[in-house]
Amino acid sequence: MADNETPENNTPQQPAQPPQITNRIIAQYVRDMSFENILAQKGISGDATPDIQARVDVDARKRGGDDQFEVITKLNITSKTREKGETLFVLEVDYAGVFQVSGVPEEQMGPYLMIECPRLVFPYIRKLVADLTREGGFQSLNLEQFDYVALYRAKLAAQMEAQKKMQENQPVN
């Protein structure tokens, strides 16, 4: 008898199939947005060649519905002159997606939400940023894809470091 046959009827057993992962975008929207055109307010002197700094953060939380999660990508983009460091514009965007996710093991849900879900809405964030900068009087800013794996790892490392510091500061009874 083969290893994958049952003794009762000598029929092969099917290997256990992993659960099918489904991820459906239910909604996506701008939660908060601010664009400040400092150049128009104050003006600048000298060369206006921009130096652009972009910071990104991702948050996720469970929503009331079955297997529903809200994932928020938070962008803070600052453009300054290279010569003097004068601010040209500041753009802040919180862009949210509501996802229905199933089939992901519980221990993998955090990384899945913080990496895969932001990747799905990134093209819309890129378009929003390009349109806002163009309409704000600047050259359209075309963002490159963010490394969400590195962002997740950095956030995880920061949380572990914070927990370690809290444990070190705990009084010993």
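At what angle do helix α2 and helix α3 pack, and how far apart are their axes? In this predicted model, helix α2 (residues 106-135) and helix α3 (residues 148-168) meet at an angle of about 145°, and their axes are 9 Å apart. The two helices belong to a protein with three helices and four strands, arranged along the sequence as β-α-β-β-β-α-α. Here is a friendly tour, starting with the whole chain and then moving to single residues.

**The overall picture**

- The protein has 173 residues, and buried residues make up 28% of them.
- If you take the contacts with a separation of 6 or more, 68% of them join residues 24 or more positions apart.

**Where α2 meets α3**

- The crossing in which α2 passes α3 is right-handed.
- On the α2 side, the contact is made by Gly110, Pro111, Met114, Ile115, Pro118, Arg119 and Phe122.
- On the α3 side, the partners are Tyr148, Val149, Tyr152 and Lys155.
- Sorted by class, this contact of α2 with α3 has eight nonpolar residues, one polar residue and two charged residues.

- Is Thr73 buried or exposed? Its relative accessible area is 1%, so Thr73 is buried.
- Setting aside residues up to four places away in sequence, Thr73 touches Val56, Asp57, Val58, Val93, Asp94, Tyr95, Pro118, Ile125 and Tyr148.
- Which residues does Ser79 contact, leaving aside its neighbours within four places in sequence? They are Pro50, Asp51, Ile52, Glu86, Thr87, Leu88 and Phe89.

**Aromatic rings**

- The count of aromatic pairs comes to five.
- One of them is formed by Phe122 and Phe146, an edge-to-face pair with 5.5 Å centre to centre and 85° between the planes.
- Phe122 lies in helix α2 and Phe146 in the loop between α2 and α3, so this pair ties together parts that are 24 residues apart in sequence.

**Two loop residues to look at**

- Gly43 is in the loop between α1 (38-42) and β2 (50-62).
- With a relative accessible area of 36%, Gly43 is partly exposed.
- How many residues apart along the chain are Gly43 and Thr87? They are 44 residues apart, while their C-alpha atoms are separated by 9.6 Å.
- Asp67 is placed in the loop between β2 and β3.
- At 36% relative accessibility, Asp67 counts as partly exposed.
- For background, most residues other than glycine have a negative phi.

Terms used
Residues numbered from 1 in each chain as written. Predicted model: local features only at pLDDT ≥ 70, side-chain atom pairs only at ≥ 80, totals over all residues. Heavy atoms only, no water. Contact = heavy atoms within 4.5 Å. Axes fitted to C-alpha atoms, helices over the stretch in contact; angles between N-to-C directions. Left-handed = near helix turned anticlockwise from the far one by under 90°. Nonpolar A, V, L, I, M, F, W, Y, C, P; charged D, E, K, R; others polar. Buried < 20%, exposed > 50% of the residue type's maximum accessible area, 1.4 Å probe, protein only. Phe/Tyr/Trp six-rings, centres within 6.5 Å; stacked < 30°, edge-to-face > 60°.
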